[in-house]
Amino acid sequence: MKKIDEWVHNQRAEWSFRKLKDKIHKEDRVLNLGAGDCRLDLLLRNRIGCDVTSVDVEDHNETSLDLTIYNGT
């Protein structure tokens with residue numbers, strides 16, 4: 001089941017990347033609130049080269065990127 005979950009998460013990140021890639025440029029700074037597993041953030045950083053800040057209320061980070069835990073208070 002783990003392999004299926006990983007495939008689904010990767011496909012979701014790829015889909016989101018395709019929707020965003022023409023709107024984000026290398027010099028942009030992206031704040032991802034609700035970053036989840038940070039897979040999209042990694043794609044944005046590696047493929048576009050933009051600066052990405054990942055924030056979520058729980059740590060589900062599956063990447064080597066830094067994740068800021070923040071609950072809104």
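**View 1. The largest nonpolar core of this predicted model holds ten residues.** Its members are Ala13, Phe17, Ile24, Val30, Leu40, Leu43, Leu44, Ile48, Cys50 and Val52. Two elements, α1 and α2 (39–48), each give two or more residues to this core. Helix α2 provides the largest share, four residues.

**View 2. Cysteine 38 has a positive phi although it is not a glycine.** The angle is about 70°. Cysteine 38 belongs to the loop between β1 and α2. Its relative accessible area is 0%. Buried means under 20%, so cysteine 38 counts as buried.

**View 3. Ile4, Trp7 and Val8 form a nonpolar patch on the surface.** Together, the three side chains' residues have about 330 Å² of accessible area. Tryptophan 7 sits in helix α1. Its relative accessible area is 55%. Exposed means over 50%, so tryptophan 7 counts as exposed.

**View 4. A patch of positive charge lies on the surface.** Four residues gather here: Arg18, Lys19, Lys21 and Lys23. Lysine 23 is found in the loop that runs between α1 (2–20) and β1 (29–33). With a relative accessible area of 61%, lysine 23 is over the 50% cut-off and is therefore exposed.

Technical notes: Residues numbered from 1 in each chain as written. Predicted model: local features only at pLDDT ≥ 70, side-chain atom pairs only at ≥ 80, totals over all residues. Heavy atoms only, no water. Patch = residues over 30% accessible without salt bridge, like charges linked within 9 Å, V, L, I, M, F, W, Y side chains within 5 Å. Areas by Shrake-Rupley, 256 points an atom, 1.4 Å probe, with all protein chains shown as cover. Lys, Arg positive; Asp, Glu negative; His and termini not counted. Charge placed at Lys NZ, Arg CZ, Asp CG, Glu CD. Buried < 20%, exposed > 50% of the residue type's maximum accessible area, 1.4 Å probe, protein only. Core = buried A, V, L, I, M, F, W, Y, C linked by side-chain atoms within 4.5 Å.
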